[in-house]
Amino acid sequence: MDVTPTGTATGRAIDSSATATTTSTGKVLVVGGTHGNERNAPWLLEAWAAEPGLLNAAGLAVVPVVGNPRALAEGRRYRDRDLNRSFDPALLADPARVDWEVERARALLATHGSSGKEPCLVAIDLHSTTAAMGNSLVVYGRRPADLALAAALQGELGLPIYLHEGDPRQTGYLAERWPCGLVIEVGSVPQGVLTALVTEQTRLALEAALALLAEARRGRLPQPRRLVVHRHLASIDLPRRPDGSPAALIHPLRQHRDWQPLRPGDPLFLRPDGTTGAYRPPVGLGENPVWPVFINEAAYGEKGIALGLTAREVWPVEPQWAHALFALAAGLVAV
Ligand SMILES: [Zn+2]
């Protein structure tokens with residue numbers, strides 16, 4: 001059975017069981033500028049610092065933080081390495097690693113981690129993308145509390161969800177290091193460019209997330225009956241010449257078509273001579289349609305990724321997801 005993310009599932013509220021308990025308290029960490037060339041979220045953080053009332057935090061204590069202030073000041077994605085691939089526990093534990101971003105990841109965890117000086121239980125990491133992802137969520141793995149929050153946000157706003165899991169080429173995401181965490185990803189917007197639409201979409205998704213966390217803290221959470229996820233399958237690159245330079249472009253019929261099905265034989269690349277390169281499934285993917293994400297994301301060129309391929313799946317929402325979030329959210333500090 002297949003449903004679209006918006007408006008097809010009947011909402012319901014799940015109440016906390018009397019047994020939901022928590023052992024720790026903390027705030028909600030809101031991170032912008034994890035990538036220094038994504039300026040819309042840092043602009044919002046600055047506005048909220050000057051006038052806190054501009055953010056409706058739903059009564060929760062929020063800690064706004066610029067993820068990578070040095071990279072932001074320099075207008076680049078990172079200095080030494082991608083901060084949002086620098087939270088791998090083995091990397092953080094290696095004393096020989098002293099890259100700026102690894103040190104920054106350690107500092108963020110020491111200060112704002114769930115056992116840090118100013119503990120936070122939830123991390124909302126705000127990103128923007130040059131791909132036409134719209135207003136979307138990225139969830140890493142299948143932690144029940146993450147899925148509960150993502151399902152509630154999808155039920156409320158209809159946001160599509162990229163479930164980024166099982167990708168050995170990409171690990172060490174910030175949101176994974178907090179007990180509950182996800183990414184709000186908004187695009188398309190060029191790197192380094194501020195737009196009113198992207199800042200507004202970011203603010204709306206964040207405020208909805210905070211309102212839902214406040215509901216979860218009260219032991220109530222609206223949950224749709226089904227969750228639509230786009231589960232990561234593989235990443236593919238542009239065709240390349242022997243010297244590594246691109247031998248083709250993303251086909252114009254595919255550019256800006258994130259979240260739309262791609263079938264074997266569909267146009268995917270455009271060569272310099274005007275001929276079309278068709279989509280051929282990578283080994284192991286079979287002939288099923290796939291749903292591309294992050295098509296032509298500028299920052300992924302260096303990673304050899306022209307687009308991600310996902311499977312669109314519809315999952316029943318499990319009541320234990322919400323209960324996991326209740327147990328955690330009961331420890332969220334109110335203001
Ligand atoms: Zn980013």
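1. Domain bounds here come from an automatic or database domain assignment. On that basis the protein chain of this predicted model has domain 1, made of 12-225 + 317-329, and domain 2, covering 230-314. Taken over C-alpha atoms, the centres of domain 1 and domain 2 are 27 Å apart.

2. The contact between the domains draws on 16 residues from domain 1 and 15 residues from domain 2. On the side of domain 1 that touches domain 2, strand 6 (residues 161-164) gives the largest share, with four residues. Sorted by class, that side of domain 1 holds seven nonpolar, five polar and four charged residues.

3. In general, strands of a sheet pair through backbone hydrogen bonds, either parallel or antiparallel.

4. Within this sheet, three bridges join strand 11 (residues 267-270) to strand 12 in the antiparallel sense. The residue that stands opposite F269 is G277, in strand 12.

5. On confidence, the protein chain has a mean pLDDT of 94, and 94% of its residues reach 70 or more. Over residues 1-10, however, pLDDT stays under 50. For residues 1-10 the model has 18 contacts beyond four places in sequence.

How values were computed. Residues are numbered from 1 along each chain as its sequence is written. This is a predicted model: local features need pLDDT of at least 70, side-chain atom pairs count only at pLDDT 80 or more; totals for chains, interfaces and linings use all residues. Two residues are in contact if their C-beta atoms, placed from the backbone, lie within 7 Å. Helices (H or I, at least four residues) and strands (E, at least two) are DSSP runs, numbered from the N terminus. Ala, Val, Leu, Ile, Met, Phe, Trp, Tyr, Cys and Pro count as nonpolar, Asp, Glu, Lys and Arg as charged, and the others, Gly among them, as polar. pLDDT is the predictor's confidence in each residue, from 0 to 100. Two strands pair if DSSP finds at least two bridges between them.
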